[in-house]
Amino acid sequence: MCIRDRPSACYVIRMETPDQPLQLDGRALATRIRDDYAPRVAALRESGRRPRLVALRVGEDAATKAYLRGQQRGAEKWGIEYDIQTLPASTNERGIRKAIRALNADPEVTGIMLALPLPAGIGARALQREIDPHKDVEGVHPENLGGCLYGRYGLLPCTALAVMALLESSGIELQGKQAVVVGHSEIVGKPVALLLLAQDATTTVCHKFTGNLAEHTRTADVLVVAVGKAGLITADMVKPGAYVVDVGINAVTGDDGKHKIVGDTDYDGVAPVCAAITPVPGGVGPVTVAILMRNTVLATEGMPPLDDPGQLPLFTA
Ligand code: NAD
């Protein structure tokens, strides 16, 4: 494999066979983002303002633990202090609120993330609103979510920004392109759609009540899929030459009986049709962690106000 020869901020890997699509390599991009931000982390540490991210976990959910371990490894590579604060599963909303307020008030804590899912019966929204927006490195506070409307690249939802970073890395010019986002969650689909609109892509959002999904996806120059359903997008649903970003994470059992992680697209079928595609694993996931760390750096530096012109491109080189 070789790094594709493009003059801009492009950072994609071309696979050996020329007929193959560009593989948007999330691990390589995550490393690139980390390298770009390394001088800023060093400057913060030298100035005594150490980036410190605290993940607040309620209960002992195994998947959450594994997810946070991945973040912890990412933080170590970035030189960002990372702590997991665990509350008992019996903690009520008031107790979680109190813990968030304590983290808001702690000057040593520069980033806070509230791990989901929360115990049954406890809503996430009110608690996410409790996080100081200046420390909200997941971009889930309404004040930060509002940045999506402005097309601001401040403390936005990490996965949505990861999608934009991967598209940016592909070198595609989004203006005037037809973009289709499948999935309309508050944390992925909707923010991605707003950010694509902000780049002047003509954007359609599909979801589980969309009548004929294929009719929409076949129009897409840029197809972003964030559903959580393995094999949802097949080759016949993809326009030849499309750029495909697969956000989905699905645990399936392979033909060999082994468990594996796949996305929402039938990768082997779709890849030959499109111009570029993210693999799963190794696509959106690693970039999401990198953006979480990047957001922690921004939060430690002092989050730019919403009317700030923004942080484009996401990585500087
Ligand atoms: P969600 O459950 O909140 O939303 C799923 C969305 O898919 C909804 O908008 C729903 O309407 C839509 N949908 C469901 N069935 C559909 C169908 N048959 N056709 C079209 N749309 C359909 O999920 P989410 O939090 O947005 O996550 C989506 C996927 O992305 C999951 O697999 C999740 O694990 C993954 N994810 C990955 C990362 C990462 O870093 N790679 C981060 C967040 C989420």
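**Exercise 1.** How far from an oxygen atom of the ligand does a polar side-chain atom of H184 lie?

Solution. The model is predicted, so local features need pLDDT of at least 70 and side-chain atom pairs pLDDT 80 or more, while totals for chains, interfaces and linings use all residues. Residues are numbered from 1 along each chain as its sequence is written, and side-chain values use heavy atoms, with hydrogens and water left out.

Step 1: the distance for H184 is 2.5 Å.
Step 2: an N or O atom in the side chain of S185 is also 2.5 Å from an oxygen atom of the ligand.
Step 3: I249 uses a backbone N or O atom, 3.0 Å from a ligand oxygen.
Step 4: on its own the ligand has 850 Å² of accessible area (Shrake-Rupley method, 1.4 Å probe), and the protein covers 71% of this area.

**Exercise 2.** Describe the shell of residues around the ligand.

Solution. Step 1: the shell has 21 residues (a heavy atom within 4 Å of the ligand); K208 and G228 are among the closest.
Step 1: ten are nonpolar, nine polar and two charged.
Step 2: helix α10, residues 284–301, gives the largest share, three residues.

**Exercise 3.** Which residues of helix α7 are buried?

Solution. Step 1: in α7 (residues 189–198), G189, P191, V192, A193, L195 and L196 are buried, meaning under 20% relative accessible area with a 1.4 Å probe, protein chains only.
Step 1: these buried residues pack against α5, α6, β7, β8 and β9.
Step 2: after α7 comes D200, with a positive phi near 70°.

Technical notes
A polar contact is a pair of N or O atoms within 3.5 Å; within protein, one must be able to donate a hydrogen and the other to accept it, and residues adjacent in sequence count only if both atoms are side-chain atoms. Helices (H or I, at least four residues) and strands (E, at least two) are DSSP runs, numbered from the N terminus. Ala, Val, Leu, Ile, Met, Phe, Trp, Tyr, Cys and Pro count as nonpolar, Asp, Glu, Lys and Arg as charged, and the others, Gly among them, as polar. Buried means under 20% relative accessible area, exposed over 50%, partly exposed in between (1.4 Å probe, protein chains only). Contact means heavy atoms within 4.5 Å.
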